Amino acid sequence: MELGPYILLASLEGAVTAAVLALTAVGLSLVFGVMRVVNIAHGEFFMLGAVIAWFVAQTVGGHPALGFVAALVIAPLVVGAIAAAADMTILKRIDYDPERTIVATIGLLYIIQQLTLMTYGPEARPVEAPFNQRLAIPWFEWGEEGFEFYFPWGLSTTTYKLAVIGAAGVVLVGVWLMMARTRIGLLMRATQADRDMALAFGIPVERVYALVFGIGAALAALAAVLIVPIQQAHYLMGADPLLLSFIVVIIGGLGSLPGTVVAAIFIGLSDGIISVFFSPTLAKILATLLVGLVLVFRPQGLFGTRAA
Amino acid sequence: MLELDAVNAGYGRAQVLRDLSLKVEAGEILCLLGRNGAGKTTTMQAIMGLLPLMSGRVVLDGTEVSRLPPHEVPRHGIGYIPQGRRLFSGLTVAQNLEIGLRVRGSGKDVLEEVLDLFPRLRERMDQKAQTLSGGEQQMLATARALCLRPKALLLDEPTEGLQPSMIEAIRQVIVKMRAAGVAILLVEQRVDAVLSVADRVAFIENGRNGDVMPAEALRQDHSIVDRYVGV
């Protein structure tokens, strides 16, 4: 097989990574943008989403699609509620002080992780995909009869992977619509622009914060539910999404949602392609190097604006 | 209408206001004068509930607003035009005004009234707030506060950095609001810009009450101003 089909295959795998990463990172970016809170526990909300998805799928039983759809609804709601409760009981009480927030969310990280270990255990468990047909992908070449299609061996994807990419796209458009078109989006953007003025114009900032923290965590949980049929749920699975989300959010520009999505696609695709051709470790090294370069030469990120 | 009663407030442990009392009647412009750092802006933030009071109370039209959570304060009818305008950047002119309208559930008629006061904003409704000129931004900050149909209006250095024609436009709006029965608390460094519209002047020194006198007295004897605010 020539190089082309390999690149296509790697890009498809990368696109799945990118889709899930975009959802997770947009959650992180939303929280940072509106609340100026660096949420170290974000990866654990991702992990919780996957673990809850497994519990739900086990409980519901029946056709895999039933359990999966139930998980798709329940996991983000439960994780969002847990996050909102954490915001009201912990972050609000330390007044969103930047340093103390970081320490508090590190604490939250370990609490969630160890509680999961104590209840769910150290095993990695799969959730069955609702549908999973193998799709062969055609490739073309210049043969004796000119331009012709054929199906190279090994070049395939599954319907579920394509569905993950599609679902992530739909959710991202939904987040954008919420921010740009709805009343609550307007209140969030006003709070992001100037917290004190938001208060001076009757916006219940505390409630906006709890909601934003909940939505941010719910997005991570949703991303995890989407990936868990491919990756399995495990109590330590939050570390990679956390690192990659921070990489994406820094490259894209802190608090810039379009920048986050573009950076997620870039990092996701390059992670997929470099992992296939070289090694996953090299992909992480290059991504982290890129963060270093961005921080040195363009601290506000590719799409960020300088702090107002 | 708006009354501060022995207010003590500050940032953390640094106390700025010490037993400050003020009273602004409906349909009156009270000008708060004092040196830099005397506590003028702090007074406004304390009224809005953005700073917790150590003691004392703020009463608006019979309601003790200082007992309310900060976001409830404007809902009782206090419009705040802060120093440096502090518009919601990233939001359009229309969206900034919408946030003002939502505070007390004002309708389209209020928006039309406000836009009649500032026709320039009507042409710029879909423009992002931060792309407006300085004068237009001040108009928007003022319009945003008027959208909540305020009973009391707080203006913090509204003429800062504006050209004379803009200062005049803002001044005319303030006078109109007074005629409509709004209680107006005005903070200004440039005494001459506001002395002509003020009814009474209250001096503030190191966060404490100074003299309160009719503006007429200052218009006749400018040396009083120099004694309080002069360098």
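A salt bridge is a side-chain nitrogen of Lys or Arg within 4 Å of a carboxyl oxygen of Asp or Glu. The model is predicted: local features need pLDDT of at least 70, side-chain atom pairs count only at pLDDT 80 or more, and totals for chains, interfaces and linings use all residues. Residues are numbered from 1 along each chain as its sequence is written, chains are lettered from A and ligands numbered from 1 in the order in which they are written, and side-chain values use heavy atoms, leaving out hydrogens and water.

**Exercise 1.** Find how many salt bridges link chain B and chain A, and which side chains take part.

*Solution.* Step one: the count is one salt bridge. Step two: look at A:Asp194 and B:Arg86, whose side chains meet at 2.8 Å, N to O.

**Exercise 2.** Describe the area that chain B and chain A bury between them.

*Solution.* Start with buried area, the accessible area (1.4 Å probe) that two parts lose on being put together, summed over both. Here the two chains bury about 1,800 Å², 68% of it on carbon and sulfur atoms. Next, B:His71, B:Arg86 and B:Phe88 supply 29% of the area that chain B buries against chain A, more than any other three residues.

**Exercise 3.** Work out how many residues each chain gives to the contact.

*Solution.* Contact means heavy atoms within 4.5 Å. By that rule, chain B gives 22 residues and chain A gives 17 residues.
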